[in-house]
Amino acid sequence: MKLFLISVTVFFTFILDSNTESLAKKIESHYKVEFGAINLGSLNWTINIDESSYLTSIALKDKGVFSTLYNFSGKYSSEGKIINGEFVSLMYKQSWKTKKKTKNVEILFNNTMVSNLNLWPKEKELARIDYLEVEGLIDPISSMLNIIKNSKNNFKTIDGRRIYKMSLDFNKSKNNIITKKIYIKDYFNIWADHKRNDLEFIIINQNLSQGEEFFPKNIRIKNKGLTFKLTKI
């Protein structure tokens, strides 16, 4: 469940289109998160963007009957510069809380390289890659923004625990409905001795006839063989 909810944040900040340059304001949207007929929780997403910079924040919270079984909340934010039309990270923060644990991640970037990475609790394992020497890195939110705006992502992605390549599988348009499928490849765990990736794919649907240039009507995420859905409310 935790991996799915992290995946939600990873996908959900994809949702800007190529009209980024015309924006200089705050935009907000709200979603319900479901598995089948079960309402798992809610997700609120805000973005502030102008011609040269961006700041996004996401708040994820349990809701309904499910909250009595599994309490969770998550806060995620990314900020950076828009350089030659590409989203380039300066800072990424992540906070994940359940009844039994709290985990925080903070990453600082300088010229698409990690300048500082803080994890709490601290990892007991030694890093299996010198991530401070890897070039061309940005955070997952910025990677998704690049996919939506440019239909490609020229960077590798780091979320504090993994490095991978986030790419657009296909982009289809029919009757004002745009469908985008995102997949992950070249997946590498920084701290764990395995290359397991439970996230299979993410599919985004946007209805341009209803003015959904920025926020999709719904999103499907397949993780560990299970499909989760986010619906705009």
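1. Basis. The model is predicted; local features need pLDDT of at least 70, side-chain atom pairs count only at pLDDT 80 or more, and totals for chains, interfaces and linings use all residues. Residues are numbered from 1 along each chain as its sequence is written, and side-chain values use heavy atoms, with hydrogens and water left out.

2. Overall make-up. The chain has three helices and 14 strands. Helices (H or I, at least four residues) and strands (E, at least two) are DSSP runs, numbered from the N terminus. Of its 233 residues, 51% count as buried. Buried means under 20% relative accessible area, exposed over 50%, and partly exposed in between (1.4 Å probe, protein chains only).

3. Contacts and surface. A contact means heavy atoms within 4.5 Å. Among contacts with a separation of 6 or more, 49% join residues 24 or more positions apart. The accessible surface is about 11,500 Å², by the Shrake-Rupley method with a 1.4 Å probe; for residues, only the protein chains shown count as cover. Carbon and sulfur atoms hold 49% of that surface.

4. Confidence. pLDDT is the predictor's confidence in each residue, from 0 to 100. Its mean over the chain is 84, and 85% of residues reach 70 or more. Helix H1 (residues 2–12) is lowest, at a mean of 54. Strand S8 (residues 137–138) is highest, at 98. Please treat one stretch with care: over residues 13–23, pLDDT stays under 50. The model still has 45 contacts beyond four places in sequence for that stretch.

5. Hairpin S5–S6. Two strands pair if DSSP finds at least two bridges between them. S5 (residues 86–98) and S6 (residues 102–110) are antiparallel, with seven bridges. Three residues form the hairpin link from S5 to S6. Ser95 sits opposite Asn104 of S6.

6. Hairpin S6–S7. S6 also pairs with S7 (residues 113–120), antiparallel and over seven bridges. Asn110 has Met113 in S7 as its bridge partner. Two residues lie between these strands, and Asn111 in this hairpin takes a positive phi near 55°.

7. Nonpolar patch. Phe35, Ile38 and Leu226 make a nonpolar surface patch of about 240 Å². Patches take residues with over 30% relative accessible area and no salt bridge; like charges are joined within 9 Å, nonpolar side chains (Val, Leu, Ile, Met, Phe, Trp, Tyr) within 5 Å. A salt bridge puts a side-chain nitrogen of Lys or Arg within 4 Å of a carboxyl oxygen of Asp or Glu. Phe35 belongs to strand S1 (residues 25–35). Phe35 is partly exposed, at a relative accessible area of 32%.
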